[in-house]
Amino acid sequence: MRAGSLATPPCSEVVSWVVMGESIAVSQEQIDAFAALYPMNARPVQPLHRRFILMRQ
């Protein structure tokens, strides 16, 4: 688990997030249902400042 910020403006709320090791498949119907519930599921690109990105392989 890592600390981060909420994915929608103002992008300042602190949340914990987890990146799973394996991807899953979703149908177009599931994507459409999600988009209907969360029409603004985006955030503007943010500068890194003192944050860093960890990548596991």
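**Exercise 1. What percentage of the 57 residues of the protein count as buried?**

Solution. The structure is a predicted model, in which local features need pLDDT of at least 70, side-chain atom pairs count only at pLDDT 80 or more, and totals for chains, interfaces and linings use all residues. Residues are numbered from 1 along each chain as its sequence is written, and side-chain values use heavy atoms, with hydrogens and water left out.

Step 1: Buried means under 20% relative accessible area, exposed over 50%, and partly exposed in between (1.4 Å probe, protein chains only).
Step 2: By this rule, 2% of the 57 residues count as buried.

**Exercise 2. Determine the order of the elements and the confidence assigned to them.**

Solution.
Step 1: Helices (H or I, at least four residues) and strands (E, at least two) are DSSP runs, numbered from the N terminus.
Step 2: The protein has 1 helix and 2 strands, and their order from the N terminus is β-β-α.
Step 3: pLDDT is the predictor's confidence in each residue, from 0 to 100. Its mean over the protein is 80, with 79% of the residues at 70 or more.
Step 4: Confidence is lowest in strand β1 (residues 2-5), with a mean of 66, and highest in α1, with 93.

**Exercise 3. Classify the aromatic pair of the structure.**

Solution.
Step 1: Rings of Phe, Tyr and Trp (its six-membered ring) pair if their centres lie within 6.5 Å; planes under 30 degrees apart count as stacked, over 60 as edge-to-face and the rest as tilted.
Step 2: The structure holds 1 aromatic pair. The ring centres of Phe34 and Tyr38 are 4.9 Å apart and the planes stand at 40°, so this pair is tilted.
Step 3: Phe34 has a relative accessible area of 41% and is partly exposed; Tyr38, at 48%, is also partly exposed.

**Exercise 4. Which residues make the nonpolar surface patch of about 310 Å²?**

Solution.
Step 1: Patches consist of residues with over 30% relative accessible area and no salt bridge; like charges are joined within 9 Å, nonpolar side chains (Val, Leu, Ile, Met, Phe, Trp, Tyr) within 5 Å. A salt bridge is a side-chain nitrogen of Lys or Arg within 4 Å of a carboxyl oxygen of Asp or Glu. Accessible areas come from the Shrake-Rupley method with a 1.4 Å probe; for residues, only the protein chains shown count as cover.
Step 2: Ile24, Val26 and Ile31 make the patch.
Step 3: Val26 lies in the loop between β2 (14-17) and α1 (28-37) and is partly exposed, at 48% relative accessibility.
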